[in-house]
Amino acid sequence: MKDKTFTSKLTLENVSHSYGNVAVLKDLNLIVNPGEIVVLVGPSGCGKTTILNLLSGHINPVSGTIQREGIIRTVYQHDGLFPWLTVSENISMGLRGTESAEKELLELVELIRLEGFENHYPHELSGGMRQRVELARVHAGDSDILLMDEPFSALDYQTRLRMRNELIRLLEQRPRTVVFVTHDIEEAAQLADRVLVLSNRPATICRELNIKAQKPRGLTDPAVIAAMEEILNELGLNITDKTNSL
Amino acid sequence: MMKSRAFRFLLPILVIIGVLLTWFLISYFNLFPAYAFPSPQAVMMSFREEILAGRLMNDIIASLWRVAIGFVLSALLGIPLGLWMGQHLFARKSFVPVLNFFRFLSPLAWIPFAILWFHIGDKPAIFLIFMATFFPLALATMVAVASIPSIYFRVARDYNYKGIELLTKVTFPAVLPQVITALRVSYGIAWVVIVAAEMVGCQDGLGYGIWEARNGLRLDSAVCYMIVIGLLGMGIDRLLSQLTKLPGVRWGYER
């Protein structure tokens, strides 16, 4: 397993992209360091998912260069699991051709606490359980880079809070490079090593924020609150002046 | 709850008894002449006669055999063709008009050709079954493939599924629930067509049995064949519906 020394490289250099006449990204530069969690936040429709599609190679940019090294896998908002495969079989997709696949499968199932559900099909699981299976699947085998496209946003609030801890726990056991897209500022503040706040279309990075605090971070951790405040300010959403709020 | 379960079980039986009773009363009061409307008793008698003569069993086997061969042939060709067309836009664009044309052509229109090309026997009937089921099967499979959510293919790419593995591990299981439904529907068509096919191109089979009964003005025997055709059709559909209970396809019926 390369869970200790893994290599990954992911850079965007002067990347611009547009759909027809609509410019979505403009001169975007981004270097994702191995092992870090980069969270992209920004207004909806600003091109967050486009950035992920560029990083995964699903689409090619209109201009600029993208470099990527390592095995990249994506977690989607929902329905990313194959419904005709059981929990075990879905996770095993990432273990094909790996030695000791069986042992690793057991470990992963244990890690996401789904013992006893190995032979269940996705439609027999709750939304949170399904996303946990997705997390286990992308961590399986020798993946290097995980792209996460609002993976928890279809879940209810409490499940979402739990899933953030779950992700941190998984990454402690099996470090990966993560690019995480979300519109949830709390999520960004709790998970990120680095938050990138994106501007409106055409998106550029208008703020970069390093959060050094130890993980897992509680929702009311001062570092998380401080980070949220900064992000909210940057997005112009920190409305505290009661007289002007109407 | 108990009451409604018993009800659900009893109601269909009551309806069947009602139908039989209506049949009995119509023939009892001679609303139609007996030769044109056989009584239940007469049909029971002819059942006995056909079974003892061994004709019924022979006809059942002949029909089942033809439907099975024609149906399997069209599944073996139609499903792969559908898979291929579903994956390639140019294939859909080029073949769909022709396939649609043939789909709307009643298979019975092929009867003259079937007999000229294949003479009398199993072959023309098998040909007609094939013509009746091939086009709907291919088209249904194609539509199912073309509407697979793109997310499955993106996931498949992340996990390095390519070529034949992509086809067998992703594309095919993704459409299997719909393919099973298409198989059931086209089996229904096949079973309807076999009766007509055997009326003209065969010397045995359930359809031929009805034709012979008509020629001999033995409508009691025709009714007994009709009952067998209906029951067999239902029975085989029941068997096919067991396919929908396979664990790997349940997801397709539980949305």
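**A kinked helix and its surroundings**

Analyst: In this predicted model, helix 6 of chain B bends by about 30° at Thr133(B), a kink that comes shortly before the proline Pro136(B). The helix covers residues 122-146, 25 residues in total. From its first C-alpha to its last it reaches 36 Å, close to the 36 Å expected at 1.5 Å a residue.

Chain B holds ten helices and zero strands, and its pattern along the sequence reads α-α-α-α-α-α-α-α-α-α. Its C-alpha atoms fill a box of roughly 75 × 60 × 30 Å along the principal axes. Of the 255 residues in chain B, 34% are buried. Of the contacts in chain B between residues at least 6 apart in sequence, 75% join residues at least 24 apart.

Another helix of chain B shows what does the covering. In helix 9 (residues 206-215), the buried residues are Leu206(B), Gly207(B), Tyr208(B), Gly209(B), Ile210(B) and Ala213(B). Among the elements that cover these buried residues are helix 3 (55-87), helix 8 (163-201) and helix 10 (219-241) of chain B. Just after helix 9 of chain B, Leu217(B) has a positive phi of about 50°.

Chain A contains sheets. One is an open sheet of six strands in chain A, with the order 5-6-7-3-8-9 and mixed pairing. Its edge strands are strand 5 (72-75) and strand 9 (205-210) of chain A, each of which pairs on one side only. Neighbouring strands of this sheet are turned by 15° against each other on average, with direction ignored. Within it, strand 6 (residues 145-149) and strand 7 (residues 177-182) of chain A run parallel and are joined by five bridges. Met148(A) stands opposite Phe180(A), which belongs to strand 7 of chain A.

There is also an open sheet of three strands in chain A, with the order 2-1-4 and antiparallel pairing. Strand 2 (22-32) and strand 4 (63-69) of chain A each have a single partner strand, so one side of each has no neighbour in the sheet. The twist in this sheet averages 20° from one strand to the next. Strand 1 (residues 9-19) of chain A pairs with strand 2 of chain A in the antiparallel sense over seven bridges, and Val22(A) in strand 2 of chain A is the bridge partner of Tyr19(A). Helix 1 (residues 48-56) of chain A lies across strand 1, strand 2 and strand 4 of chain A, at about 125° to strand 1.

As for confidence, chain A averages a pLDDT of 86, and 95% of the residues score at least 70. In chain A, confidence is lowest in strand 9, at a mean of 84, and highest in helix 2 (residues 87-92), at 93.

Notes
Residues are numbered from 1 along each chain as its sequence is written. Chains are lettered from A and ligands numbered from 1 in the order in which they are written. This is a predicted model: local features need pLDDT of at least 70, side-chain atom pairs count only at pLDDT 80 or more; totals for chains, interfaces and linings use all residues. Two strands pair if DSSP finds at least two bridges between them. Helices (H or I, at least four residues) and strands (E, at least two) are DSSP runs, numbered from the N terminus. Axes are lines fitted to C-alpha atoms, for helices over the stretch in contact, and angles run from 0 to 180 degrees between N-to-C directions. The expected span of a helix is 1.5 Å times one less than its number of residues. The bend at a residue is the angle between axes fitted to the seven residues ending there and the seven starting there. pLDDT is the predictor's confidence in each residue, from 0 to 100. A residue is buried if 20 or more other C-beta atoms lie within 10 Å of its own, exposed if 12 or fewer, and partly exposed in between; C-beta atoms are placed from the backbone. Two residues are in contact if their C-beta atoms, placed from the backbone, lie within 7 Å.
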